[in-house]
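The sequence and the structure are shown first, and the description follows.

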Amino acid sequence: MTAPLTIVALDRATLPAQAFPFDFPHQLIEYPNTRPDETAERIQTADIVITNKVRLTAEHLANHPRLKLVAVAATGYNNVDTQAARQAGITVCNIPAYSSDSVAEHALMMMLALMRNLPAYQRDLAAGMWQQSPFFCHFGSPVRDLKGKTLAIFGKGSIGQTLAEYASVFGMNIIFGEHKHATTVREGYTAFDEAIASADVVSLHCVFNEQTRHMIGEEELKKMKPRALLINVGRGGLVDETALLAALKYGTLGGAGVDVLTQEPPVDGNPLLSARLPHLIVTPHIAWASEEAQGRLFATLAANINQFAAGRPQNQVA
(Lines give C-alpha, C1' and ligand atoms only; values in the text may rest on other atoms or scores of the structure.)
Protein backbone atom coordinates (compact mmCIF):
# COMPACT_ATOMS: atom_id res chain seq x y z
CA MET A 1 0.00 0.00 0.00
CA THR A 2 1.32 3.43 -0.97
CA ALA A 3 2.17 5.64 2.01
CA PRO A 4 0.07 8.79 2.29
CA LEU A 5 1.70 11.94 0.97
CA THR A 6 2.03 14.85 3.39
CA ILE A 7 0.72 18.10 1.93
CA VAL A 8 1.55 21.36 3.71
CA ALA A 9 -0.36 24.54 2.79
CA LEU A 10 1.67 27.52 3.98
CA ASP A 11 -0.86 30.34 3.49
CA ARG A 12 -4.22 28.60 3.38
CA ALA A 13 -6.13 31.74 4.42
CA THR A 14 -5.42 33.27 0.99
CA LEU A 15 -7.43 30.52 -0.73
CA PRO A 16 -11.18 29.79 -0.91
CA ALA A 17 -12.59 28.20 2.23
CA GLN A 18 -13.56 24.83 0.80
CA ALA A 19 -12.19 21.33 1.07
CA PHE A 20 -9.50 20.17 -1.32
CA PRO A 21 -10.76 17.34 -3.58
CA PHE A 22 -7.58 15.27 -3.45
CA ASP A 23 -8.13 11.74 -4.76
CA PHE A 24 -5.09 9.94 -3.33
CA PRO A 25 -4.02 8.95 0.20
CA HIS A 26 -2.70 12.03 1.96
CA GLN A 27 -2.25 13.96 5.17
CA LEU A 28 -3.08 17.66 4.87
CA ILE A 29 -1.53 20.23 7.20
CA GLU A 30 -2.87 23.78 6.78
CA TYR A 31 -1.44 27.00 8.17
CA PRO A 32 -3.43 30.24 7.73
CA ASN A 33 -0.18 32.11 7.05
CA THR A 34 3.54 31.49 7.47
CA ARG A 35 6.26 33.93 8.47
CA PRO A 36 9.71 33.68 6.84
CA ASP A 37 11.21 32.36 10.09
CA GLU A 38 8.58 29.58 10.22
CA THR A 39 8.91 28.26 6.66
CA ALA A 40 11.87 25.89 7.04
CA GLU A 41 10.38 24.04 10.00
CA ARG A 42 6.91 23.74 8.47
CA ILE A 43 8.07 22.15 5.21
CA GLN A 44 10.41 19.60 6.86
CA THR A 45 7.92 16.72 6.68
CA ALA A 46 6.23 17.77 3.42
CA ASP A 47 6.05 15.76 0.22
CA ILE A 48 4.01 18.55 -1.39
CA VAL A 49 4.00 22.23 -0.44
CA ILE A 50 1.23 24.67 -1.41
CA THR A 51 2.25 28.32 -1.41
CA ASN A 52 0.57 31.43 -2.68
CA LYS A 53 2.99 34.18 -1.64
CA VAL A 54 5.24 32.52 0.97
CA ARG A 55 8.83 32.52 -0.34
CA LEU A 56 10.71 29.28 -0.87
CA THR A 57 14.41 30.03 -1.25
CA ALA A 58 17.31 27.90 -2.39
CA GLU A 59 18.12 27.28 1.27
CA HIS A 60 14.59 25.93 1.84
CA LEU A 61 14.74 23.63 -1.18
CA ALA A 62 18.29 22.29 -0.94
CA ASN A 63 18.92 19.01 0.89
CA HIS A 64 15.22 18.28 1.13
CA PRO A 65 14.94 14.73 -0.30
CA ARG A 66 11.31 14.26 0.78
CA LEU A 67 9.87 17.29 -1.00
CA LYS A 68 8.59 16.37 -4.46
CA LEU A 69 6.24 19.19 -5.55
CA VAL A 70 5.75 22.89 -4.92
CA ALA A 71 2.24 23.83 -6.02
CA VAL A 72 2.05 27.60 -6.44
CA ALA A 73 -1.48 28.89 -5.90
CA ALA A 74 -1.01 31.75 -8.36
CA THR A 75 0.15 32.51 -11.87
CA GLY A 76 3.31 34.31 -10.78
CA TYR A 77 5.96 32.08 -9.20
CA ASN A 78 8.82 34.48 -8.47
CA ASN A 79 8.45 33.59 -4.77
CA VAL A 80 9.98 30.17 -5.54
CA ASP A 81 13.62 29.67 -6.51
CA THR A 82 12.90 27.53 -9.56
CA GLN A 83 16.58 27.00 -10.38
CA ALA A 84 17.18 25.53 -6.93
CA ALA A 85 14.05 23.40 -7.33
CA ARG A 86 15.34 21.94 -10.62
CA GLN A 87 18.70 21.17 -9.06
CA ALA A 88 16.95 19.39 -6.19
CA GLY A 89 14.62 17.47 -8.51
CA ILE A 90 11.54 19.24 -7.17
CA THR A 91 8.67 19.93 -9.57
CA VAL A 92 7.07 23.39 -9.47
CA CYS A 93 3.68 24.08 -11.03
CA ASN A 94 1.56 27.21 -11.26
CA ILE A 95 -1.95 28.22 -12.30
CA PRO A 96 -1.91 30.03 -15.65
CA ALA A 97 -4.55 32.47 -16.89
CA TYR A 98 -7.16 31.79 -14.20
CA SER A 99 -7.65 35.50 -13.42
CA SER A 100 -7.41 37.06 -16.88
CA ASP A 101 -11.05 38.15 -17.00
CA SER A 102 -11.08 39.36 -13.41
CA VAL A 103 -7.91 41.47 -13.66
CA ALA A 104 -8.81 42.87 -17.08
CA GLU A 105 -12.27 43.87 -15.83
CA HIS A 106 -10.70 45.55 -12.79
CA ALA A 107 -8.36 47.55 -15.00
CA LEU A 108 -11.25 48.54 -17.25
CA MET A 109 -13.32 49.55 -14.21
CA MET A 110 -10.54 51.84 -13.04
CA MET A 111 -10.18 53.35 -16.50
CA LEU A 112 -13.90 54.11 -16.72
CA ALA A 113 -14.11 55.50 -13.19
CA LEU A 114 -11.11 57.79 -13.66
CA MET A 115 -11.97 58.93 -17.17
CA ARG A 116 -15.39 60.00 -15.93
CA ASN A 117 -13.99 61.26 -12.59
CA LEU A 118 -16.32 59.10 -10.53
CA PRO A 119 -14.33 59.50 -7.25
CA ALA A 120 -14.37 63.28 -7.61
CA TYR A 121 -18.12 63.35 -8.15
CA GLN A 122 -18.69 61.04 -5.19
CA ARG A 123 -16.72 63.52 -3.08
CA ASP A 124 -18.74 66.46 -4.42
CA LEU A 125 -22.00 64.69 -3.61
CA ALA A 126 -20.84 63.95 -0.08
CA ALA A 127 -20.04 67.67 0.30
CA GLY A 128 -23.57 68.65 -0.81
CA MET A 129 -22.48 70.43 -3.98
CA TRP A 130 -25.27 69.02 -6.16
CA GLN A 131 -27.83 70.01 -3.59
CA GLN A 132 -26.54 73.59 -3.81
CA SER A 133 -26.47 73.72 -7.61
CA PRO A 134 -28.57 76.49 -9.24
CA PHE A 135 -29.69 74.05 -11.99
CA PHE A 136 -30.40 70.38 -12.60
CA CYS A 137 -26.80 69.09 -12.67
CA HIS A 138 -23.47 69.77 -11.03
CA PHE A 139 -20.47 70.45 -13.25
CA GLY A 140 -17.38 69.55 -11.28
CA SER A 141 -14.56 67.62 -12.88
CA PRO A 142 -14.34 66.90 -16.63
CA VAL A 143 -16.07 63.77 -17.93
CA ARG A 144 -14.42 62.00 -20.86
CA ASP A 145 -15.23 58.99 -23.05
CA LEU A 146 -12.98 56.01 -23.65
CA LYS A 147 -13.97 55.93 -27.30
CA GLY A 148 -11.21 57.23 -29.54
CA LYS A 149 -8.60 57.23 -26.77
CA THR A 150 -5.30 55.36 -27.08
CA LEU A 151 -4.60 52.58 -24.61
CA ALA A 152 -0.98 51.46 -24.26
CA ILE A 153 -0.73 48.02 -22.69
CA PHE A 154 2.57 46.74 -21.34
CA GLY A 155 2.46 42.96 -21.17
CA LYS A 156 0.97 40.92 -24.01
CA GLY A 157 0.05 37.87 -22.00
CA SER A 158 -3.43 36.58 -21.31
CA ILE A 159 -4.46 39.54 -19.14
CA GLY A 160 -3.09 42.17 -21.51
CA GLN A 161 -4.78 40.58 -24.50
CA THR A 162 -8.07 40.21 -22.62
CA LEU A 163 -7.99 43.90 -21.66
CA ALA A 164 -7.27 44.80 -25.29
CA GLU A 165 -10.34 42.83 -26.34
CA TYR A 166 -12.54 44.58 -23.78
CA ALA A 167 -11.19 48.06 -24.52
CA SER A 168 -11.61 47.64 -28.27
CA VAL A 169 -15.35 47.17 -27.71
CA PHE A 170 -15.35 50.70 -26.26
CA GLY A 171 -13.71 51.99 -29.43
CA MET A 172 -10.24 52.51 -27.99
CA ASN A 173 -7.09 52.45 -30.10
CA ILE A 174 -4.92 49.64 -28.69
CA ILE A 175 -1.13 49.53 -28.79
CA PHE A 176 1.25 47.16 -27.01
CA GLY A 177 4.38 48.77 -25.59
CA GLU A 178 7.82 47.31 -26.15
CA HIS A 179 10.22 46.65 -23.26
CA LYS A 180 11.74 49.79 -21.79
CA HIS A 181 15.34 49.01 -22.69
CA ALA A 182 14.72 47.06 -25.90
CA THR A 183 17.17 47.73 -28.73
CA THR A 184 14.67 46.64 -31.38
CA VAL A 185 10.88 46.84 -31.63
CA ARG A 186 9.05 43.59 -32.29
CA GLU A 187 6.31 43.33 -34.87
CA GLY A 188 3.01 44.25 -33.29
CA TYR A 189 4.63 46.44 -30.63
CA THR A 190 5.28 50.18 -30.24
CA ALA A 191 8.57 51.57 -28.95
CA PHE A 192 8.46 52.23 -25.20
CA ASP A 193 8.87 56.02 -25.28
CA GLU A 194 6.45 56.38 -28.18
CA ALA A 195 3.82 54.28 -26.41
CA ILE A 196 4.18 56.28 -23.19
CA ALA A 197 3.97 59.62 -24.97
CA SER A 198 1.03 58.79 -27.24
CA ALA A 199 -1.22 57.02 -24.73
CA ASP A 200 -4.28 58.44 -23.05
CA VAL A 201 -4.20 55.41 -20.75
CA VAL A 202 -1.17 53.30 -19.80
CA SER A 203 -1.98 49.91 -18.26
CA LEU A 204 0.71 47.66 -16.76
CA HIS A 205 0.41 43.87 -16.96
CA CYS A 206 4.02 42.74 -17.08
CA VAL A 207 6.20 40.70 -14.74
CA PHE A 208 8.27 42.32 -12.03
CA ASN A 209 12.03 41.87 -12.17
CA GLU A 210 15.14 44.03 -12.12
CA GLN A 211 14.50 45.09 -15.73
CA THR A 212 10.94 46.25 -15.03
CA ARG A 213 11.49 47.71 -11.54
CA HIS A 214 10.31 51.35 -11.61
CA MET A 215 9.71 51.14 -15.35
CA ILE A 216 7.37 54.06 -14.74
CA GLY A 217 9.26 56.71 -12.81
CA GLU A 218 9.62 60.47 -12.79
CA GLU A 219 11.00 60.71 -16.33
CA GLU A 220 8.33 58.45 -17.81
CA LEU A 221 5.54 60.32 -16.02
CA LYS A 222 6.84 63.58 -17.49
CA LYS A 223 6.64 62.07 -20.98
CA MET A 224 2.97 61.11 -20.58
CA LYS A 225 0.13 63.35 -21.69
CA PRO A 226 -0.97 65.84 -18.98
CA ARG A 227 -4.40 64.21 -18.63
CA ALA A 228 -3.29 60.61 -19.20
CA LEU A 229 -4.24 57.82 -16.81
CA LEU A 230 -1.90 55.20 -15.32
CA ILE A 231 -3.33 51.81 -14.32
CA ASN A 232 -1.22 49.32 -12.39
CA VAL A 233 -2.82 45.97 -11.61
CA GLY A 234 0.45 44.11 -12.25
CA ARG A 235 3.05 44.48 -9.51
CA GLY A 236 3.72 47.34 -7.13
CA GLY A 237 7.41 47.67 -7.95
CA LEU A 238 6.67 48.53 -11.58
CA VAL A 239 5.91 52.12 -10.54
CA ASP A 240 7.91 54.60 -8.48
CA GLU A 241 5.13 55.43 -6.02
CA THR A 242 6.75 58.64 -4.76
CA ALA A 243 7.08 59.96 -8.31
CA LEU A 244 3.49 58.92 -9.06
CA LEU A 245 2.14 60.80 -6.07
CA ALA A 246 4.08 63.92 -7.07
CA ALA A 247 2.70 63.74 -10.63
CA LEU A 248 -0.85 63.47 -9.29
CA LYS A 249 -0.41 66.30 -6.80
CA TYR A 250 1.16 68.70 -9.28
CA GLY A 251 -1.30 67.97 -12.07
CA THR A 252 1.08 66.40 -14.57
CA LEU A 253 -1.06 63.23 -14.66
CA GLY A 254 -4.80 62.94 -15.10
CA GLY A 255 -5.31 60.06 -12.68
CA ALA A 256 -4.10 56.69 -11.49
CA GLY A 257 -5.66 53.36 -10.53
CA VAL A 258 -3.50 51.08 -8.40
CA ASP A 259 -4.28 47.59 -7.10
CA VAL A 260 -0.74 46.70 -6.04
CA LEU A 261 1.88 48.35 -3.83
CA THR A 262 5.61 47.81 -3.35
CA GLN A 263 5.06 46.40 0.13
CA GLU A 264 2.04 44.16 0.70
CA PRO A 265 0.38 44.36 3.09
CA PRO A 266 1.50 47.99 3.58
CA VAL A 267 2.21 47.58 7.29
CA ASP A 268 4.68 50.47 7.21
CA GLY A 269 2.26 52.73 5.36
CA ASN A 270 2.46 54.00 1.81
CA PRO A 271 2.27 57.56 0.45
CA LEU A 272 -0.54 56.61 -1.93
CA LEU A 273 -2.77 55.40 0.91
CA SER A 274 -2.71 58.71 2.77
CA ALA A 275 -3.00 60.94 -0.31
CA ARG A 276 -6.83 61.19 -0.37
CA LEU A 277 -6.81 62.49 -3.94
CA PRO A 278 -10.01 62.46 -6.03
CA HIS A 279 -8.16 61.22 -9.13
CA LEU A 280 -6.46 58.30 -7.40
CA ILE A 281 -8.08 54.90 -6.82
CA VAL A 282 -6.30 52.34 -4.64
CA THR A 283 -7.68 48.82 -4.12
CA PRO A 284 -6.10 46.16 -1.84
CA HIS A 285 -4.70 43.69 -4.41
CA ILE A 286 -8.09 42.21 -5.23
CA ALA A 287 -8.19 42.57 -9.03
CA TRP A 288 -7.59 38.82 -9.31
CA ALA A 289 -10.16 37.82 -6.72
CA SER A 290 -13.56 37.56 -8.39
CA GLU A 291 -15.58 34.58 -7.18
CA GLU A 292 -15.28 33.03 -10.62
CA ALA A 293 -11.50 33.48 -10.73
CA GLN A 294 -11.05 32.03 -7.26
CA GLY A 295 -13.11 29.01 -8.29
CA ARG A 296 -10.85 28.44 -11.31
CA LEU A 297 -7.73 28.88 -9.18
CA PHE A 298 -8.86 26.34 -6.57
CA ALA A 299 -9.95 23.77 -9.13
CA THR A 300 -6.68 24.03 -11.08
CA LEU A 301 -4.56 23.93 -7.92
CA ALA A 302 -6.26 20.69 -6.84
CA ALA A 303 -5.95 19.26 -10.37
CA ASN A 304 -2.23 20.12 -10.48
CA ILE A 305 -1.66 18.16 -7.28
CA ASN A 306 -3.89 15.24 -8.25
CA GLN A 307 -2.22 14.95 -11.64
CA PHE A 308 1.23 15.06 -10.11
CA ALA A 309 0.30 12.31 -7.65
CA ALA A 310 -0.96 10.26 -10.60
CA GLY A 311 2.37 10.66 -12.39
CA ARG A 312 1.05 13.15 -14.96
CA PRO A 313 2.35 16.57 -13.85
CA GLN A 314 0.79 19.59 -15.55
CA ASN A 315 1.40 23.34 -15.66
CA GLN A 316 5.08 22.82 -14.83
CA VAL A 317 7.38 25.83 -14.57
CA ALA A 318 10.29 23.83 -13.13
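How many bridges join strand 4 to strand 5? Strand 4 (residues 69–72) and strand 5 run parallel and are joined by three bridges.

## Basis of the description

The structure is a predicted model, in which local features need pLDDT of at least 70 and side-chain atom pairs count only at pLDDT 80 or more, whereas totals for chains, interfaces and linings use all residues. Residues are numbered from 1 along each chain as its sequence is written, and side-chain values use heavy atoms, with hydrogens and water left out.

## Overall composition

The protein contains ten helices and eleven strands. These elements are DSSP runs numbered from the N terminus, with helices (H or I) of at least four residues and strands (E) of at least two. The C-alpha trace spans about 80 × 50 × 35 Å along its principal axes.

Of the 318 residues in the protein, 48% are buried. Here buried stands for under 20% relative accessible area, exposed for over 50%, and partly exposed for values in between, with a 1.4 Å probe and protein chains only.

Five strands form an open sheet in the order 2-1-3-4-5, with parallel pairing. Its edge strands, which each pair on one side only, are strand 2 (26–30) and strand 5 (91–93). On average, neighbouring strands of this sheet are turned by 15° against each other, direction ignored. That angle is taken between axes, which are lines fitted to C-alpha atoms (for helices over the stretch in contact); angles run from 0 to 180 degrees between N-to-C directions. Two strands count as paired if DSSP finds at least two bridges between them.

Strand 1 (residues 5–9) pairs with strand 3 in the parallel sense over three bridges, and Val8 stands opposite Val49 in strand 3. Four bridges join strand 3 to strand 4, which also run parallel; here Thr51 stands opposite Val72 in strand 4. Further along, Val70 has Val92 in strand 5 as its bridge partner. Within strand 3 (residues 48–51), Ile48 and Ile50 point one way, Val49 and Thr51 point the other way, and all are buried.

## Helix 4

Helix 4 (residues 100–115) has 16 residues and reaches 22 Å from its first C-alpha to its last, close to the 22 Å expected at 1.5 Å a residue. The expected span is 1.5 Å times one less than the number of residues in the helix.

Twelve of the 16 residues of helix 4 are buried, so the helix is largely enclosed by the rest of the structure. Among them are Ser100, Val103, His106, Leu108, Met111 and Met115. After helix 4 comes Asn117, whose phi is positive, near 55°.

## Salt bridges

Side chains of opposite charge can pair when their charged atoms come close. A salt bridge is counted where a side-chain nitrogen of Lys or Arg lies within 4 Å of a carboxyl oxygen of Asp or Glu. A search of the whole structure finds twelve salt bridges. Asp47, buried at 4% relative accessibility, forms a salt bridge with Lys68, the closest N and O atoms being 2.8 Å apart. Asp47 lies in the loop between helix 1 and strand 3 and Lys68 in the loop between helix 2 and strand 4, so this pair ties together parts that are 21 residues apart in sequence. Lys68 is partly exposed, at a relative accessible area of 34%. Asp47 also forms a salt bridge with Arg66, with 3.2 Å between the closest N and O atoms. Arg66 counts as partly exposed at 35% relative accessibility.

Glu218 and Lys222 are both in helix 8 (residues 218–223), four residues apart, about one turn of the helix. Their salt bridge has its closest N and O atoms 3.4 Å apart. Glu218 counts as partly exposed at 47% relative accessibility, and Lys222 counts as exposed at 56%. Elsewhere, a network of salt bridges links Arg35, Asp37, Glu38 and Arg42.

## A nonpolar surface patch

Phe135, Phe136 and Phe139 make a nonpolar surface patch of about 440 Å². Patches consist of residues with over 30% relative accessible area and no salt bridge, where like charges are joined within 9 Å and nonpolar side chains (Val, Leu, Ile, Met, Phe, Trp, Tyr) within 5 Å. Accessible areas come from the Shrake-Rupley method with a 1.4 Å probe, and for residues only the protein chains shown count as cover.

Phe135 lies in the loop between helix 5 (118–126) and strand 6 (150–154). With a relative accessible area of 45%, Phe135 is partly exposed.
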